[in-house]
Amino acid sequence: MITILGIPIQAFLGQLLVGLINGSFYAMLSLGLAVIFGLLRVINFAHGAQYMLGAFVGYLLLVQLGVGYWPALLLAPIIVGISGIVVERLALARLYDVDPLYGLLFTFGLALVLEGIFRYYFGVSGNPYPVPPLLAGGTNLGFMFLPNYRGWVVIASLIFCLGTWLVIEKTKLGSYLRAATENRSLVQAFGVNVPLLLTLTYGLGSALAGLAGILAAPVYQVSPLMGSNLIIVVFAVVVVGGMGSILGAIVTGYLLGVAEGLTKVFYPEASNIVVFVIMAIVLLIRPAGLFGKEA
Amino acid sequence: MSDAAPLLELRDVHAWYGESHALHGVTLEVHAGETVTLLGRNGVGKTTTLRAIMGLIRKRTGRIAFEGKDLMRLPLHRTAHAGIGFVPEERGIFASLTVDENLALPPVVASGGMSVEEIFGLFPNLKERRKSPGGKLSGGEQQMLAIARMLRTGARTLLLDEPTEGLAPVIVQRIGELLGTLKSRGMTILLVEQNFRFASRIADRFYLMEHGRVIADFPVGELESRMAQLHDVLGV
């Protein structure tokens, strides 16, 4: 049997894949957080709840209306994005001029309320979401067995992350977003409707969380607490990548997912804390994060 | 000065940064095609006056009108659309945007703006650096870019905040020539400047500010006879 450092290669690759899957969700979620924080200066504690909401929208579409995975992949992010737009217009937009702590507290409270509502109606045990038939089964790669859906998750998240990054770096709308991240009031003084830009950005960030949620539904159980389990690690990813850095969030998301997966192979006891150990080390050496600019 | 209604008019404008009262009743006017310079020491309210006109300071009273239209009622992002281009202090170049992106950023507010090709004709050194991020440009290049990006918008009135600050004499010279060119094309310019020798080459009139007020108003021809007052107020 082939081994790497005394570990069977199947176990190694298996955990590498698990790491990549988790990393895919870390990347998509931290990307949305970074975009929102960069422009709105709001630390969006509701991000985990919006991810959960995306999964539940997909689940309810299926069990209530019989709408399957592929339409849900489009509908869930749209619905979560619209709910984000409503939240921004009704509440967050009124908090920009006060201490940033209020935005943080508001989104934290919103997350608790959303989780509470879903707990009340669905309990804390997970609800299964079937893998879509097109992606059922797996592929034998010779050295390991790859469930098709998990392969899809990795590819899809790469596409969505890369797509979002391209929109931000290469389009006119993205240049507004980057410029407003640097100096919001000057961009507005030039005649750009910055309040609208903020609303759309929060909607986009929420939609990305919803998209991650529906992608995650067949991998994990659809549960009210699925977001809060994940969001703490995602915050660590954002800090390691550098607050507000788009590319940093994406790359760090995958890297930390893989680091976590590989720790499970070599030293399983540490796998739950490895992300935070890395965060502590990065903060000591580069306080602005791996991709952040020194203030 | 003509008898026609002024293009830009400020009447008894007060403005505050939080609790700090920065403008104490500024009254001034700028007519179409004029180049007017606000002189004064640091902290007398020159920059604040420009920021109040643009709406970047929201806590303000009095009247600010452009082409007879009340600017006080407009949200910040509508002021520029009245036809005003803003070149802020320290240039306000977006470091993470390329020269091309910085140029394209401000929305077009009126027809008749320059094309990107015309702008590069006027600023050949910017053309060579189109793909460079704004943060990598020299101070002089940034200042050129800050002016250039307003020419694309079609705004016929420019507010410039100390465009020569911290720049080498040869660059100051070039900016002077450039502003002269814009003036000869009929643009209206409101310039904040500490360097009145530079301003005297292009300005038609001066307002002298002290303690958040305008204390004198005179045409360029009176500059020599006002030297004693200027030295006193500006401390140069």
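In chain A, 76% of the contacts with a separation of 6 or more join residues 24 or more positions apart; two residues are in contact if their C-beta atoms, placed from the backbone, lie within 7 Å. This is a predicted model: local features need pLDDT of at least 70, side-chain atom pairs count only at pLDDT 80 or more, and totals for chains, interfaces and linings use all residues. Residues are numbered from 1 along each chain as its sequence is written, while chains are lettered from A and ligands numbered from 1 in the order in which they are written.

**Chain A overall**
- Chain A holds eleven helices and four strands, where helices (H or I, at least four residues) and strands (E, at least two) are DSSP runs numbered from the N terminus.
- The C-alpha atoms of chain A occupy a box of roughly 65 × 50 × 35 Å along the principal axes.
- Of the 295 residues of chain A, 48% are buried, meaning that 20 or more other C-beta atoms lie within 10 Å of the residue's own; exposed means 12 or fewer, partly exposed in between, with C-beta atoms placed from the backbone.

**Ile78(A)**
- Ile78(A) sits in helix H3 (residues 69–90) of chain A.
- Ile78(A) is partly exposed because it has 14 other C-beta atoms within 10 Å.
- Ser206(A) is 128 residues from Ile78(A) in sequence, and their C-alpha atoms are 9.1 Å apart.

**Contact between chains A and B**
- Chain B contributes 20 residues to the contact and chain A contributes 15 residues.
- On the side of chain B that touches chain A, helix H2 (76–79) and helix H3 (99–104) of chain B each supply at least two residues.
- H2(B) gives the most to that side, with three residues.
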